[in-house]
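Okay, everyone, thanks for coming. Let me put the model up on the screen and then walk you through a few spots in it.

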Amino acid sequence: MDPGTLNYLSAQALVAGFVAAGVSEAVISPGSRSTPLTLALLRQPAIRCTLAVDERSAAFFALGLGKASRRPALVVATSGTAPANWLPAVIEASQAEVPLLLLSADRPPEIQGWGANQTVRQTGLFADYVRARHALPAPQLAPGQVFVPDSLWRLAARAVEESCWPQAGPVHLNLPFPEPLIPIGVIPEQAAPPALLPSPPPQLPAADTIARLAAQISGRPGAIVCGELPAGNAAGKNALFAALTALSARLGCPLLLEPLSGLRFGRHWQEAALAGALPCVGYPRWLNQPTVQAELAAAPPEWLLRIGPWPVTRQLQNFTASARWQALIDPAPTWRDPQQRLNLLLRAAPLATCETLLQQTLHPAPVAWGKRFAAWESAAATERTGATATAAAPEDTADATANPAARRIAAVLAGLPDDTTCFIGNSLAIRELDSYSGHGPRSLDFFANRGASGIDGNISSAAGIAAVRGRALALLGDLTTQHDLGGLALAQGRNLVIVTVNNGGGGIFDYLPQAALPEFVAGWRTPQRIDFAAAAATFGLTYRHAAEPEALTAVIRAAFAAGGPHLLETV
């Protein structure tokens, strides 16, 4: 069999194995050495292929696909520096626990290390940021030997499981292909592999651990903090919200919900029995108040139960660290304890843990403890400095006219259709959303790249999410948008609305000590001169500018009504 046909059969078998293991998406960057993989993918009807010229954008797009679907997408590139461009997305996927499958084509071993063009050491390219790495040999057959695809099918299934369990993340397969790269003549038929879908074990809490947790938190003042959770279906979200609010009511404690928990918005606010529960979303504002800080310093929480990654905002981080005893529910084998205050780590699913905990005998904290938080939350939710200008905003969006950030968040949320997914940029955007989103019964989901919290690849990630969810909005800063202008190519043909807040550079630094330096503007604020209208025109996006919140709401609504990609600029 000629090498070109053998290359293709090997790639075809591997791709068929991925399909049998449940993979349905691939992101391909064009190149020569990856020809067998690209051809096999384009000829596989069960795989939806997206072509992306920029490998960095391709990897972040695949990351977005994985975030929204919780299934790994394939990302394919040729040899040399091409896969090196994946590194920022690989780091994000690793730290955010997003499944991702990296398929890098390579030169065959016999020319490695001899100065051959476009040859670099690819097998260890991503260091410790991959869950597993597989360096395959070049396809070869002994004279008279028949090609057998079974081992490639099973390698594909293994790589899929490694990317999903026990800790989701990227898996790298390095695939050397000798020339020629195109199959010759008639290609032998391959049988379809049997479905091989690994099933992870249920992550149930140990009975003695639950008893210990119940004894620690029952009858004492404490709090529950729920951070970012993986994307899930509405039924799972409703069940977790019901369990958390039931715990809040039973324990007489506040339930602090970060926006990336997915629990601030949804039908569960109408369906759950909230009597006695204390869900809180205004904590970024009341935790900043000197009177609240003084009260909490005098009587800090005796315990804190945390779900998900370390909190986004400094205020909530400090509140969390102030607890005298801390427990974390986290099924992934990571240590999310940056301040090293953890006393109990439960390697179990949050819903199963909360439901099991509710079966224990639990007593509420002293009534005065819960009343404090209820009063603080009520005051934050009703603060106004005038009539709410954006009347269509969610009913409890607080401070809608108090400051530009509050007005902007209210305007964005008011413009969203129901059942919309939002991708939120880092730095100011995620903090403003945390402070001012409020809560409500509309179906809104929020995503962000908080694994490494970089500004790279945000447009591409949002485009990947839009590809899965059907439509999405991305709220980004001007530097974040500039950093991923190439991602606008992946917005083409998608129902994605990108809102760029042009505040003249790195606005997050205004709140940091660097702002006092004489070199602040030149070295940190770094205002740019970007013509976003021209950028939108270059990539075929509709552009609109909206200076006022009312106008921003109107253009967001119009953009979703019209469909297709839009780049909206605001201040």
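So, Glu25: if you skip its neighbours within four places in sequence, it is in contact with Ile47, Arg48, Leu65, Ala73 and Leu74. Keep in mind that this is a predicted model. Glu25 is found in strand β1, which covers residues 25-28. Is this glutamate buried or exposed? Its relative accessible area is 13%, and the cut-off for buried is under 20%, so Glu25 counts as buried. As for polar partners, the Glu25 side chain makes a polar contact with the side chain of Arg48, at 2.5 Å.

Okay, next up, aromatics. There are 8 aromatic pairs in the structure. Take Trp286 and Trp376: the ring centres are 5.4 Å apart and the planes sit at 35°, so we call that pair tilted. Trp286 belongs to helix α9 (residues 283-286) and Trp376 to helix α13 (residues 367-382), so the pair ties together parts 90 residues apart in sequence. Both Trp286 and Trp376 are buried. They also belong to one aromatic cluster, together with Phe319, Trp369 and Phe373.

Zooming out now. The protein chain has 21 helices and 18 strands. What radius of gyration would a compact globule with 571 residues have? Near 25 Å, and the protein chain has 25 Å, so the two agree. The C-alpha atoms fill a box of roughly 85 × 60 × 45 Å along the principal axes. Of the 571 residues, 55% count as buried. And for contacts with a separation of 6 or more, 77% come from residues 24 or more positions apart.

Methods
Residues numbered from 1 in each chain as written. Predicted model: local features only at pLDDT ≥ 70, side-chain atom pairs only at ≥ 80, totals over all residues. Heavy atoms only, no water. Phe/Tyr/Trp six-rings, centres within 6.5 Å; stacked < 30°, edge-to-face > 60°. Helix = DSSP H or I, 4+ residues; strand = E, 2+ residues; numbered from the N terminus. Buried < 20%, exposed > 50% of the residue type's maximum accessible area, 1.4 Å probe, protein only. Polar contact = N/O pair within 3.5 Å; in protein donor to acceptor, adjacent residues only side chain to side chain. Contact = heavy atoms within 4.5 Å. Rg over C-alpha atoms; globule rule 2.2 N^0.38 Å.
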